[in-house]
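Subject: Structure for your files

Hello,

Here is the structure I said I would pass on. My notes on it follow below the entry.

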Amino acid sequence: MSNCMCRQGFFTLRDCDQPATATCGKCSRTICRRHRDPAAKGAVLCVECAAVEEQAGRLPPAQVKSGGSFGGRAFYRRRDEFYRARIHRPVYWGTAVDPYYDCYDFVVFHHHHHHHDHMTIGDSADQDLAPSLMDS
Amino acid sequence: MSTTPPLSTNSPILRTRLLEGRFSIHSVIARVEALAEFDVRNERRAKRQKLAGVISMILAVLTLLGGLAPLALLGLLAAIVLFVLAAKSRKLDIPNDVRLFALSWLRVVAADMNEDGEVVLKLDLNDVTSQAKRVASGRQGFYTCNEYRNPWFSGDAALADGARLHWEALIEVDERVRYKTKGRTKRKIKHVAKYDVVLGLPQDSFGVAQPSATAQDKVRVKVGEKRVVVRASRAVRSASLVPSRVEDLVATVAMAYRQTTPKTQSEQPA
């Protein structure tokens, strides 16, 4: 099977690099274990479709661990709300064409090199960031 | 993903009222979840203790009226103990902003970080109107005026797209109270929740977009050698003590991103 077709992130979107283990029964996309909704009993649903089903009342609301929003399925529902309300226009760091995300107004970034360089805060390369994040 | 055991009332963090340091994003989420779960349990416990204290007091009065003085004394003692325990539980109370705001925000940031990403975080568990947060106090005519300032939540994170994100959440409260011997105490509140965000994006990938900000936002953009740095601020005002909304911080970061635009392939360095 191919890689998971869900896109992760909030302010920017990137492809999930996990191998797919199932196919969503609603959107037919291949999904990994992390993006499979655990609460959708009896059906294989991706977290994004599960969020849509919950919003439409076709799935009971999932408990959000320890309260607060943006947990589990609620994260994808809230992300969907933000994108549709045009509060945020995410940048997509990928090359896949997926009509599932056509409803979002995102910007595709065509880059020469990746920024998945696992840099951490406080690296020597971040000296320019100082307390004020200014580098000049 | 790391898990943290449930908090007990003896946990050091409940004494210091501060979560500060450098953590992996998932471990700090687990810690804040443990705090949130403790807060829920603690609130329930305080309510039960208070209710049990009230029932004990009522029973004490009834048994006293029934002529059973020793039982009444027992009931009274039980009520006192329960009220003291309830007060102790209330002292350990964590503002609901921790549960509703900080946890939600960390989940948003985690989505944009690598799995092994780290955050530098400061989370103050004191209530904004606590003694520790009062910065000024005085009298104006019949009114007692108190000013509170609580920089309760700040942090730094390195995002998966190469961005550096710094955030600060601050609450300022101006309170004017008029105590009356007859009638209700008058209280006027000015509550301001301020959010400051600094977003540093790789300069070889991002350029500056057309400026856009709403009336309640302040934005500054600076293009450096390595990064385009956007500083965005938002202030949300209210006439009462309202919980902070994570949507406001999310919108502030979204506004910071709006000041930049990805460079086309031809604009990027080879």
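In chain A, Arg7(A) has Asp15(A), in strand E2, as its bridge partner. This is a predicted model, so please read the notes with that in mind.

The sheet in chain A

Strands E1 and E2 of chain A, the latter covering residues 12–15, pair in the antiparallel sense over two bridges. They belong to an open sheet of four strands in chain A, with the order E1-E2-E5-E6 and mixed pairing. E1 (7–8) and E6 (107–108) are the edge strands; each has a single partner strand, so one side of each has no neighbour in the sheet. Arg7(A) and Asp15(A) also meet through their side chains, in a salt bridge with an N to O distance of 4.0 Å. Arg7(A) is buried, at 1% relative accessibility, whereas Asp15(A) is partly exposed, at 31%.

Salt bridges between the chains

Over all chains the structure holds 21 salt bridges. One of them joins the side chains of Arg34(A) and Glu115(B), at 3.3 Å from N to O. This pair crosses between chains: Arg34(A) is in the loop between E4 and helix H1 (47–55) of chain A, and Glu115(B) is in the loop between helix H4 (96–111) and strand E2 (118–124) of chain B. Arg34(A) is partly exposed, with a relative accessibility of 42%.

Another salt bridge links Glu247(B) and Arg78(A), whose closest N and O atoms are 2.7 Å apart. Glu247(B) lies in helix H5 (residues 246–258) of chain B and Arg78(A) in helix H2 (residues 73–84) of chain A, so this pair joins two chains. Both residues are buried. They are part of a network of salt bridges that also includes Asp37(A), Glu54(A), Arg73(A), Arg77(A) and Glu81(A).

Two positive phi angles

Ser28(A) is not a glycine, yet its phi is positive, at about 65°. Ser28(A) sits in the loop between strands E3 (22–23) and E4 of chain A and is exposed, at 54% relative accessible area. Arg17(B), also a residue other than glycine, has a positive phi near 60°. Its loop runs between helix H1 (12–16) and strand E1 (18–24) of chain B, and Arg17(B) is buried, at 10% relative accessibility.

Confidence

Chain A has a mean pLDDT of 76, with 75% of its residues at 70 or more. Over residues 112–136 of chain A, pLDDT stays under 50. Where pLDDT is low, the predicted coordinates should not be read in detail.

Regards

Methods:
Residues are numbered from 1 along each chain as its sequence is written. Chains are lettered from A and ligands numbered from 1 in the order in which they are written. This is a predicted model: local features need pLDDT of at least 70, side-chain atom pairs count only at pLDDT 80 or more; totals for chains, interfaces and linings use all residues. Side-chain values use heavy atoms; hydrogens and water are left out. Two strands pair if DSSP finds at least two bridges between them. pLDDT is the predictor's confidence in each residue, from 0 to 100. Contact means heavy atoms within 4.5 Å. Buried means under 20% relative accessible area, exposed over 50%, partly exposed in between (1.4 Å probe, protein chains only).
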